[in-house]
Amino acid sequence: MEVLYLGLARAYYADRSGNAGVGEPGKDGWEWTAKPELNSEVVKAFDELDKKRPPELVELPVKIKEVGR
């Protein structure tokens, strides 16, 4: 399992077995939600970061929510 954090607003995780999901900050820490449909895009992002493939646009859903309101 690898995790990609976008600052403190959003995170994505995935592995090579098809598991994937998103993390959002919550009142007591990160809250994780499975989203296996994101696996291919998240794995592609990891491969680009590891220089296993040339860079290209990766589309990941980003939704930022306010915590504590």
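The model is a predicted one, in which local features need pLDDT of at least 70 and side-chain atom pairs count only at pLDDT 80 or more, while totals for chains, interfaces and linings use all residues. Residues are numbered from 1 along each chain as its sequence is written, and side-chain values use heavy atoms, with hydrogens and water left out.

Helices (H or I, at least four residues) and strands (E, at least two) are DSSP runs, numbered from the N terminus, and two strands pair if DSSP finds at least two bridges between them. Strand S1, residues 2–6, pairs with strand S2, residues 10–14, in the antiparallel sense over five bridges. Within this pairing, Leu6 stands opposite Arg10 of S2. The two strands form a hairpin with three residues between them, and Gly7 in the turn has a positive phi of about 60 degrees.

S2 also pairs with S3, again in the antiparallel sense, over four bridges; here Tyr13 has Gly21 as its bridge partner in S3. Five residues lie between S2 and S3 in their hairpin, where the turn residue Gly18 has a positive phi of about 100 degrees.

Burial comes next, with buried meaning under 20% relative accessible area, exposed over 50%, and partly exposed in between (1.4 Å probe, protein chains only). Five of the five residues of S2 are buried: Arg10, Tyr12 and Ala14 on one side, and Ala11 and Tyr13 on the other.

Helix H1, residues 39–49, is mostly covered too, with eight of its eleven residues buried. Among them are Val42, Val43, Ala45 and Phe46. The cover over the buried residues of H1 includes S1, S2 and strand S3 (20–26). After the helix comes Lys51, whose phi is positive, near 60 degrees.

Asp47 counts as buried because its relative accessibility is 13%. Leaving aside neighbours within four places in sequence, Asp47 is in contact (heavy atoms within 4.5 Å) with Arg16, Lys52 and Arg53. The side chains of Asp47 and Arg16 are joined by a polar contact of 2.7 Å.

On the strand S1, finally, sits Val3, which is partly exposed because its relative accessible area is 39%.

Note on methods:
A polar contact is a pair of N or O atoms within 3.5 Å; within protein, one must be able to donate a hydrogen and the other to accept it, and residues adjacent in sequence count only if both atoms are side-chain atoms.
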